[in-house]
Each structure stands twice: as C-alpha cells, then as structure tokens.
Amino acid sequence: MFGRHFHPHPGRHGHHSRHPFGFHGHEGHHRRGGRMGRFFDHGDLRLVVLKLIADKPSHGYELIKAVETAAGGAYSPSPGVIYPTLTLLEELGYVTAADAGGGKKLYTITDEGRAFLDSNSQPVHGLFTRMAEAAAQSAAFSPQILRARENIKTALRLKLTAGALTAEQVSAIAKILDEAAAAIEGV
C-alpha cells in the first residue's frame with residue numbers, strides 16, 4: 001500500500017464507467033434509495049438553480065423540491081449543497097435574496113444573472129434534457145411515490161411511538177399494509 005495511490009472509489013478516477021446520466025464521483029450527493037455518484041459536474045447545479053429561479057422566484061426548500069422533481073426523484077440536493085450554491089449566486093450578483101419572513105429568503109434573478117443564464121443557454125438546455133431523461137428512467141423514484149412512501153413511514157412511526165398498541169390495532173395495521181402490498185402487486 002505504501003508508494004501506491006489508493007482510490008477507495010475507482011469510478012471517480014480514470015476511465016471507469018460513469019453514471020449513464022453523465023455524472024461521477026462520490027462527493028456527498030445522494031440518490032433516493034442509496035448513494036450514487038456525483039450527480040452534477042462542477043458548476044452544473046449553479047446553472048440549474050439559476051434557471052429555476054429565473055422561471056420562478058423561490059425559497060431554498062422550493063428549489064430543493066424543484067430539482068428533485070426535474071430529476072424525477074433520482075436526485076435531491078441537500079440543504080448543505082443548495083444553500084451554499086444560493087450564497088455563491090448571490091455573491092456573484094446573479095440573484096438577490098429578500099427576507100420573506102420566518103427565516104426564509106426569496107431568491108430572484110438579477111439582470112446580470114439573466115445575462116449569465118442567456119450566455120449559457122446551451123449547457124442549461126442540455127442539463128434539463130439529461131435531467132428529463134433521468135426522470136424518465138427513474139419512475140420508481142417519482143415524487144408521488146416518494147411522498148406516499150414517506151407518508152406511510154411517518155404514520156407508522158407516529159403510531160408505533162405513541163404508546164403500546166392493542167392486539168386489535170396491531171392486527172388492523174398489518175391488514176392495511178398487507179392489502180396495500182397486494183394492491184401494488186396488482187397494478
């Protein structure tokens with residue numbers, strides 16, 4: 001091991017295969033259902049977020065959801081990725097942030113940001129095209145299914161942590177879950 005370069009993630013270096021969406025690496029970006037490579041190349045998320053703000057002034061959380069929706073659930077940027085991107089866009093003069101109350105900021109594109117976006121229209125179009133392709137390939141990660149699955153998990157967690165369940169409650173919950181599983185299999 002001494003004198004050699006150790007690469008714990010061989011897909012990040014060299015000629016190894018890349019994700020079919022064209023993204024690589026393992027720098028803290030998550031795909032629902034497990035870790036995947038880096039979803040965007042350097043600077044790509046900045047373009048995507050700027051385009052989304054140009055389409056509709058938004059809060060950080062709305063932008064997280066908009067990116068997730070555009071990627072069909074295949075990628076959801078964390079707050080630790082989105083908010084530094086928004087700060088950078090603001091420092092570059094591409095967006096302004098107005099206090100919207102409740103600790104939220106509403107981000108709006110500036111003329112300088114619009115000019116930057118226009119000068120990068122081809123890469124932006126390519127990014128949204130590839131995101132649409134990823135969305136089409138990841139129907140299992142559709143926002144509707146993710147939301148519904150999370151609703152079931154939350155309802156179960158709340159019910160199970162609220163106190164001891166009676167035998168009848170346990171039986172009823174199991175029956176509902178079994179019926180839902182059977183209905184999904186039948187689709």
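**Aromatic pairs and core**

1. F40 counts as buried because its relative accessibility is 5%, where buried means under 20% relative accessible area with a 1.4 Å probe and protein chains only. Y75 likewise counts as buried, at 1% relative accessibility. The model is predicted, so to speak of local features requires pLDDT of at least 70, side-chain atom pairs count only at pLDDT 80 or more, and totals for chains, interfaces and linings use all residues. Residues are numbered from 1 along each chain as its sequence is written, and side-chain values use heavy atoms, with hydrogens and water left out.

2. The structure holds two aromatic pairs (rings of Phe, Tyr and Trp, the last by its six-membered ring, with centres within 6.5 Å; stacked if the planes are under 30 degrees apart, edge-to-face if over 60, tilted otherwise). F40 and Y75 form an edge-to-face pair, at 5.4 Å centre to centre and 90 degrees between the planes. This pair links distant parts of the chain, 35 residues apart: F40 lies in the loop between β2 (34–35) and α1 (44–55), and Y75 in the loop between α2 (60–70) and α3 (79–91). Helices (H or I, at least four residues) and strands (E, at least two) are DSSP runs numbered from the N terminus.

3. Y94 and F116 form a stacked pair, with 4.5 Å centre to centre and 15 degrees between the planes. Both Y94 and F116 are buried.

4. The largest nonpolar core has 29 residues, and F40 and Y75 are among those that touch the most other members (a core is a set of buried Ala, Val, Leu, Ile, Met, Phe, Trp, Tyr and Cys residues joined through side-chain atoms within 4.5 Å). Helix α1 gives the most to this core, with eight residues.

Note on methods: Buried means under 20% relative accessible area, exposed over 50%, partly exposed in between (1.4 Å probe, protein chains only).
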